[in-house]
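Here is a guided walk through one protein model, written for someone meeting structures like this for the first time. Keep the picture open beside the text and look up each part as it comes along.

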Amino acid sequence: MNQQATVSVETIRQAVVAAGSSLYRDGIRPVADFPAKPDGLFLQQRSGEYSEFVHYMASMGRTFKLGLDIGVASGGQTKFLRDWCPIERTIVADLGIQHEFPHWARIKKTVRSKIELELIGDSHSRRTYDALQPYKGQIDFSFIDGDHSYGGVMRDIMLAHELFEPGAIMVLHDTIVVPDVARAYEEIKAHPDFEVLWHSKGEFGITVFRVLRPAKPVPYWRHWLAYGVGPKTLWKTLKKPFKRKKKKST
Ligand SMILES: C[S@@+](CC[C@H](N)C(=O)[O-])C[C@H]1O[C@@H](n2cnc3c(N)ncnc32)[C@H](O)[C@@H]1O
C-alpha cells in the first residue's frame with residue numbers, strides 16, 4: 001500500500017476545497033459546492049464525491065504506469081488525482097476550447113506525472129486514434145469526461161477499451177447527472193469486459209471500472225461509425241441505422 005492510502009476522506013476533501021472549483025462561463029458562479037480560486041485548479045467536481053473517489057483510488061495502493069485522461073478542461077482533475085494516486089506517465093486529450101482550458105498551460109507544469117502526449121483536438125478524430133495506437137496494451141488508467149453525448153462517450157470508451165492492458169482501471173464521470181452518460185454506464189456495467197469496483201452515491205456520478213479484457217482492435221472507420229463497445233455490440237448497433245422498413249404492399 002502506498003502512503004496516501006492512510007489519509008482520511010476529510011483530509012482529501014479539505015484539499016479539494018483548497019484547490020478551488022471551476023467557474024461557469026459567466027466567470028462568477030462556481031460549478032461546484034466550493035469556491036473558485038484565482039490560481040486554483042478549477043475542478044469541475046463536487047467536493048464530497050470527488051474526495052471519496054480520490055480516497056478510493058489512493059486506497060488501491062497501486063502505481064499506474066500510463067494514464068489517459070479524455071476531457072481535461074483546466075487539467076485540475078488530472079493534477080489533483082496524481083497528487084494522491086501515483087500515475088507515472090500521462091496522456092491528455094481535449095478539444096481545447098472550453099473556457100477553463102487556458103489554465104492547463106499553468107497547471108500542467110505542476111502535474112506529478114510525465115506528460116507523454118497532449119492531444120488537443122477531437123478525441124474521436126483519426127488523428128487522435130492514430131496517435132494512440134503505439135500505446136496499445138499499455139494504458140492501465142483512464143478518466144473519461146469528454147463528450148457527454150451517448151455516442152461520444154461510447155466512442156471514447158471504445159477508443160480506450162482497445163488500448164487497455166488487462167486489469168486496467170477506467171473511470172467514467174457524470175454517470176448519474178447526465179442521462180446519456182448514465183445510459184452508457186448501464187451498458188458498460190452489463191458488458192462482460194468490465195466490472196464495477198466503485199460507484200459514487202450521488203452528485204455528478206463517478207464510476208470506477210476494472211477492465212477484465214481489452215477489446216480486439218478494429219480499424220478507425222468502425223470507430224467513426226460506432227456507438228457500441230467491442231465488436232459484438234458494435235455490429236448489433238451498426239446494423240440499426242441501415243435497417244430499412246419493408247414497404248407495405250398496396
Ligand atoms: C466536463 S469538462 C472536463 C472536466 C474535467 N475532467 C474536470 O474534472 O475538471 C469536459 C471537457 O471535455 C472536452 N471535450 C468535449 N468533447 C470532446 C471531444 N470530442 N474530444 C476531446 N475533448 C472533448 C471539453 O472541451 C471539456 O474541456
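Helix α6 covers residues 150-161, which makes 12 residues, and spans 16 Å from its first C-alpha to its last, close to the 16 Å expected at 1.5 Å a residue. Please keep in mind that this is a predicted model. Among the buried residues of α6 are Gly152, Val153, Met154 and Leu159. The buried set also includes Arg155, Asp156 and His161.

Helix α2 runs over residues 47-59. Its 13 residues reach 18 Å from the first C-alpha to the last, close to the 18 Å expected at 1.5 Å a residue.

| Helix | Residues | Number of residues | Span, first to last C-alpha | Expected span |
|---|---|---|---|---|
| α2 | 47-59 | 13 residues | 18 Å | 18 Å |
| α6 | 150-161 | 12 residues | 16 Å | 16 Å |

Which residues of α2 are buried? They are Ser47, Tyr50, Ser51, Phe53, Val54, His55, Met57 and Ala58. The buried residues of α2 pack against α1 (9-19), α3 and β7 (206-211). Just after α2 comes Gly61, which takes a positive phi of about 65°.

Let us zoom in on one residue of this helix. Phe53 sits in α2. Why does Phe53 count as buried? A residue needs 20 or more other C-beta atoms within 10 Å of its own to be called buried, and Phe53 has 26 such neighbours inside 10 Å, so Phe53 qualifies. Setting aside neighbours within four places in sequence, Phe53 is in contact with Ser200 and Ile206. The C-alpha atom of Phe53 also lies 9.8 Å from that of Val171, although 118 residues separate the two along the chain.

**Strands in parallel**

Now turn to strand β1, residues 64-70. Since 6 of its 7 residues are buried, β1 is largely enclosed by the rest of the structure. How many bridges pair β1 with β2? There are 6, and the two strands pair in the parallel sense. Ile70 stands opposite Ala93 in β2. Strand β4 (residues 139-144) also runs parallel to β1, joined to it by 4 bridges, and here Asp69 stands opposite Phe143. Together, β1, α3 and β2 form a right-handed β-α-β unit.

Most residues other than glycine have a negative phi. Two residues in this model are worth a look for that reason. Ala73 has a phi near 55°, a positive value in a residue other than glycine. Ala73 belongs to the loop between β1 and α3, and with 23 C-beta neighbours inside 10 Å it counts as buried. Asp174 has a positive phi too, near 75°. Asp174 lies in the loop between β5 (164-173) and α7 (179-190), and its 23 C-beta neighbours inside 10 Å make it count as buried.

For a contrast, find Arg183 in helix α7. Because Arg183 has 14 C-beta neighbours inside 10 Å, it counts as partly exposed. Arg183 and Ser149 are 34 residues apart in sequence, and their C-alpha atoms are 9.9 Å apart in space.

**Around the ligand**

Which residues are closest to the ligand? Of the 21 residues that surround it, the closest are Gln44, Gly71, Gln77, Gln98 and Ser123. Both α3 (76-84) and β2 (87-94) supply at least two residues each to this shell. Sorted by class, the shell has 7 nonpolar, 10 polar and 4 charged residues.

**Stepping back**

The protein chain contains 9 helices and 7 strands. Buried residues make up 44% of its 250 residues. Among contacts with a separation of 6 or more, 67% are between residues 24 or more positions apart.

Notes. Residues numbered from 1 in each chain as written. Predicted model: local features only at pLDDT ≥ 70, side-chain atom pairs only at ≥ 80, totals over all residues. Near = placed C-beta within 6 Å. Nonpolar A, V, L, I, M, F, W, Y, C, P; charged D, E, K, R; others polar. Buried ≥ 20, exposed ≤ 12 C-beta atoms within 10 Å, placed from the backbone. Pairing = 2+ DSSP bridges. Right-handed = clockwise from strand over helix to strand, strands pointing away. Contact = placed C-beta atoms within 7 Å. Expected span 1.5 Å × (residues − 1).
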